[in-house]
Amino acid sequence: MLSNSSVTTMLPVKDMDRARAFYEGCLGLKPGGFRPDGKFVYEVGGSTLALFPKPEGTKADHTAISFKVADIAATIDELKQAQVVFEDYDFPGFKTVNHVCVLGAEKAAWFKDPEGNYLCIHEDIEPG
């Protein structure tokens with residue numbers, strides 16, 4: 001029923017200017033503009049990311065968005081040059097090395113936006 005529908009990811013932000021500076025300046029997303037309801041949108045790889053103002057922000061402790069990349073190490077280097085700070089973890093069965101955790105069929109790395117949303121980049125591991 002919905003398999004051909006486009007998807008919009010909705011992220012709450014306390015400070016729209018600060019959020020936009022991060023998404024455009026650090027992540028390199030191209031601005032799509034404001035919508036009449038106050039959302040600010042970006043077109044990202046055939047889907048839509050919408051930032052919406054929410055004075056109390058968010059308290060989610062999970063990944064809000066994961067961006068699929070071709071080369072996670074190169075992408076980490078590029079994002080670090082843009083002042084993105086990566087999270088590191090050391091739990092049983094869940095450890096990052098050079099910011100990357102291998103999870104079955106993918107490599108993943110996490111960072112937060114200035115609003116506290118957890119974001120991820122991931123690279124599929126080719127079966128071998």
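**Ground rules.** I number residues from 1 along each chain as its sequence is written, and my side-chain values use heavy atoms, with hydrogens and water left out. As the model is predicted, local features need pLDDT of at least 70 and side-chain atom pairs count only at pLDDT 80 or more, while totals for chains, interfaces and linings use all residues.

**Entry 1, aspartate 113.** I looked up where aspartate 113 sits and found it in the loop between β9 (106-112) and β10 (118-124). I take helices (H or I, at least four residues) and strands (E, at least two) as DSSP runs, numbered from the N terminus. Aspartate 113 is buried, and for accessibility I use under 20% relative accessible area for buried, over 50% for exposed and partly exposed in between (1.4 Å probe, protein chains only). A salt bridge needs a side-chain nitrogen of Lys or Arg within 4 Å of a carboxyl oxygen of Asp or Glu. I did find a polar atom of the aspartate 113 side chain 2.9 Å from the backbone nitrogen of glutamate 115. Leaving aside neighbours within four places in sequence, aspartate 113 is in contact (heavy atoms within 4.5 Å) with Leu11, Phe22, Tyr23 and Leu119.

I list asparagine 117 as buried because its relative accessible area is 4%. Its side chain reaches the backbone oxygen of proline 12 at 3.4 Å. With neighbours within four places in sequence left out, the contacts of asparagine 117 are Leu11, Pro12, Thr58, Phe111 and Lys112.

My count comes to five salt bridges. One of them joins glutamate 24 to arginine 20, with the closest N and O atoms 2.8 Å apart. The two are separated by about one helical turn, because they stand four residues apart in helix α1 (residues 16-26). Glutamate 24 is partly exposed at 24% relative accessibility, and arginine 20 is partly exposed at 22%. Lysine 39 and aspartate 37 meet at 2.5 Å, N to O; aspartate 37 is exposed at 52%. Lysine 95 and aspartate 90 meet at 3.4 Å, N to O. Here lysine 95 is partly exposed at 44% and aspartate 90 is exposed at 57%.

I placed glutamate 43 in strand β3 (residues 40-44), exposed with a relative accessible area of 52%. Not counting residues up to four places away in sequence, glutamate 43 touches Lys30 and Thr48. The side chains of glutamate 43 and threonine 48 make a polar contact at 3.2 Å. For that term I require a pair of N or O atoms within 3.5 Å; within protein, one must be able to donate a hydrogen and the other to accept it, and residues adjacent in sequence count only if both atoms are side-chain atoms.

Conventions: Lys and Arg count as positive and Asp and Glu as negative; His and the chain ends are not counted.
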